[in-house]
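Here are my notes for a first reading of the model shown below. Please go through them with the structure open.

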Amino acid sequence: MGLKQNLHNLREKYKGTKMAPAFNAIHTFLYTPNDTAHGGTHIKAADDLKRTMNTVIMALIPCLIFGMFNAGYQHYLAAGEIEAVSSGFFSSEFWSLQNFSLGFWKILPILIVSYGVGLGVEFLFAVIKGHEVEEGYLVTGMLVPLIVPIDIPLWMLVVAVIFGVVIGKEVFGGTGMNILNPALTIRAFLFFAYPTWMSGDKVWVEGAVERTREIANGSTADAISGETILGSLAQSHGVDYSVMDMFFGFIPGSIGETSTLLILLGGLFLIFTKIGSWRIMLSAVLGALVMGYIFNLVVAAGWITDTSKFYGLMNTEFWHHLLIGGMAFGIVYMATDPVTASQTNKGKWIYGFLIGFISIMIRVFNPAYPEGVMLAILLMNVFAPTIDHYVVQGNVKRRLKRAKLKTA
């Protein structure tokens with residue numbers, strides 16, 4: 001008797017009990033159920049929720065693998081043990097087993113905690129409330145490790161994941177009912193609850209925090225600094241990275257958000273599979289470019305000088321904003337969440353444009369935390385139903401007006 005049959009037997013044995021959702025979840029995650037629909041009209045399609053979630057995870061895997069290499073690369077580069085990349089995207093200084101090994105063993109526990117704790121909460125709520133375990137956390141569990149710093153303490157992640165799943169999703173009724181992106185809810189909790197672990201120049205490079213502690217205890221070792229480009233620009237400091245470094249992702253940052261190249265390819269994959277909305281992605285990019293260009297014009301007009309604390313980010317080339325920070329990652333993988341985004345076509349244009357526009361505005365005017373895409377997406381998640389409401393009402397009014405003209 002195979003595993004599938006054993007799981008099916010357990011599912012039948014515990015049908016109607018509190019543990020039924022747990023066995024059903026394991027069964028349907030690993031195999032296609034043995035159930036057959038009877039009677040009525042049924043739509044046959046391959047794009048069920050599980051396959052949709054798995055497709056998004058496939059689009060995220062390259063960012064995860066790149067993040068593992070980048071974690072090791074940033075550590076050894078900051079420690080002075082290797083040279084900076086010198087020959088493009090496939091530089092041997094970056095794609096080394098040493099870099100991957102360090103990144104793998106640092107990121108694997110974060111991945112395990114994210115999935116273990118999040119799915120544990122999902123199973124618990126399914127058993128208590130007696131409903132099926134939803135597949136929505138499959139993507140959230142992958143997103144969370146990609147949007148946090150490499151050195152984040154695991155206990156903080158545990159607390160944040162529990163908060164994000166319970167408050168961000170389950171209290172609204174579970175997958176499909178939440179108004180806020182669960183992964184961004186988790187990141188927002190971390191930022192407001194533990195701000196020193198989500199900003200600064202130490203948390204983005206593995207070992208920098210521990211080295212700072214050693215120096216404070218009397219060690220004579222050199223400090224490790226891993227300030228992000230946004231952090232440097234917020235303080236009007238120069239940037240040592242080239243445009244290609246930023247595009248390829250050879251820069252400090254959250255684990256999976258640095259490589260604009262891979263994020264772009266992932267976005268194209270989601271558009272090709274019709275899972276990600278190209279309207280939201282394109283409009284968000286346009287919104288970011290417009291806001292960035294306005295700030296460039298303000299600097300060019302002389303309204304802001306280099307003595308202003310906003311000068312560094314305002315003077316940044318408007319299109320560079322798409323290459324630094326979490327802008328590209330947020331636009332492709334967060335803003336396009338089909339549950340929390342606008343549903344109407346016109347609403348998607350408005351929703352996406354405002355995300356890009358507000359992201360750059362927050363990024364410039366919040367030098368203490370020069371990243372705005374998280375807050376912009378959460379804000380627009382709240383307003384997405386309102387946008388759709390007015391779009392639908394506008395359509396209704398236009399149709400009523402046409403109907404009156406025809407009958408006049």
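**Notes on cavities, helix packing and annotated spans**

1. Helix α14 contributes the most to the lining of the largest cavity, with three residues. Helices here are DSSP runs (H or I, at least four residues), numbered from the N terminus. A cavity is a set of points, on a 1 Å grid over the protein atoms alone, where a 1.4 Å probe fits but cannot get out, and lining residues have an atom within 4 Å of a point.

2. The model is predicted: local features need pLDDT of at least 70, side-chain atom pairs count only at pLDDT 80 or more, and totals for chains, interfaces and linings use all residues. Residues are numbered from 1 along each chain as its sequence is written, and side-chain values use heavy atoms, with hydrogens and water left out.

3. The largest cavity has a volume of about 100 Å³, a volume being the space filled by probe spheres set on the points. Among its lining residues are Arg187, Glu257, Phe329, Met334 and Glu371. Elements giving two or more residues to this lining are α7 (182-193), α14 (327-334) and α16 (373-407).

4. Why does the largest cavity lie between domain 1 (49-275) and domain 2 (276-408)? Both domains give residues to its lining, so it lies between them. The domain bounds come from an automatic or database domain assignment.

5. In total there are two cavities of 30 Å³ or more. Of the 13 residues lining it, Asn70, Ala71, Ile150, Trp204 and Gly253 lie nearest its centre.

6. Helices α12 (residues 278-300) and α15 (residues 345-365) have axes that come within 7 Å and cross at roughly 35 degrees. The axes are lines fitted to C-alpha atoms over the stretch in contact, and angles run from 0 to 180 degrees between N-to-C directions.

7. The UniProt annotation "transmembrane region", from an unreviewed entry, covers spans including 52-69 and 348-366; such annotations may be inferred rather than shown by experiment. In the model, residues 52-69 are 100% helix and 0% strand, with end C-alpha atoms 27 Å apart. Residues 348-366 are 95% helix and 0% strand, and their end C-alpha atoms lie 26 Å apart.

Note on methods. 1 Å grid on protein atoms, 1.4 Å probe; cavity = no way out; pocket = protein on both sides within 12 Å on 5 of 7 lines; lining within 4 Å.
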